[in-house]
Amino acid sequence: MDIARRLMCYLNRVSEMNDSAKIAVIMTGMGMDGSSGLTNLKQKGPLKAIAESQETSIVFGKPKAVINTELIDSVEDVEKIAKAIISYC
């Protein structure tokens, strides 16, 4: 199974965890393989979603794709992602 399919399976499994608040962080990478999983997560329950900014992404494909869904709660430079996660806890 390629990495894109593994990521989708993982995101779909996490979306089934209805009892827990979740935080998704989409970081540098190619492709759109986080978009449908993020959409599914947002539809199924409490979720805060963070995308890495274009300024610090080596490859902006995945972050751009999830930002384009308009489901992202914040876009952060890589060095600020941990602080954003803590702010949601």
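What percentage of contacts in the protein between residues at least 6 apart in sequence join residues at least 24 apart? The share is 68%, where a contact means heavy atoms within 4.5 Å. The structure is a predicted model, in which local features need pLDDT of at least 70 and side-chain atom pairs count only at pLDDT 80 or more, while totals for chains, interfaces and linings use all residues. Residues are numbered from 1 along each chain as its sequence is written, and side-chain values use heavy atoms, with hydrogens and water left out.

The protein has 4 helices and 3 strands, arranged along the sequence as α-β-α-β-α-β-α; helices (H or I, at least four residues) and strands (E, at least two) are DSSP runs numbered from the N terminus. The radius of gyration of the protein is 12 Å, which agrees with the value near 12 Å for a compact globule of 89 residues. This radius is taken over C-alpha atoms, and the globule rule is 2.2 Å times the number of residues to the power 0.38. The C-alpha trace spans about 35 × 35 × 20 Å along its principal axes.

Turning to the interior, buried residues account for 36% of the 89 residues. Buried means under 20% relative accessible area, exposed over 50%, and partly exposed in between (1.4 Å probe, protein chains only). The largest nonpolar core contains 11 residues: L11, V14, A24, I26, L38, L41, L47, A49, A51, V66 and I72. Two or more residues of this core come from each of α1 (3–15), β1 (22–26), α2 and β2 (47–52), and β2 gives the largest share, with 3 residues. Such a core is a set of buried Ala, Val, Leu, Ile, Met, Phe, Trp, Tyr and Cys residues joined through side-chain atoms within 4.5 Å.

Leaving aside neighbours within four places in sequence, L38 is in contact with L11, A24, L47, A49, V66, T69, L71 and I72. K42 also lies in helix α2, and counts as partly exposed because its relative accessibility is 23%. Not counting residues up to four places away in sequence, K42 touches L47, A49, L71 and D73. The C-alpha atoms of K42 and I72 are separated by 9.5 Å, with the two residues 30 apart along the chain. After α2 comes G45, which has a positive phi, near 155°.
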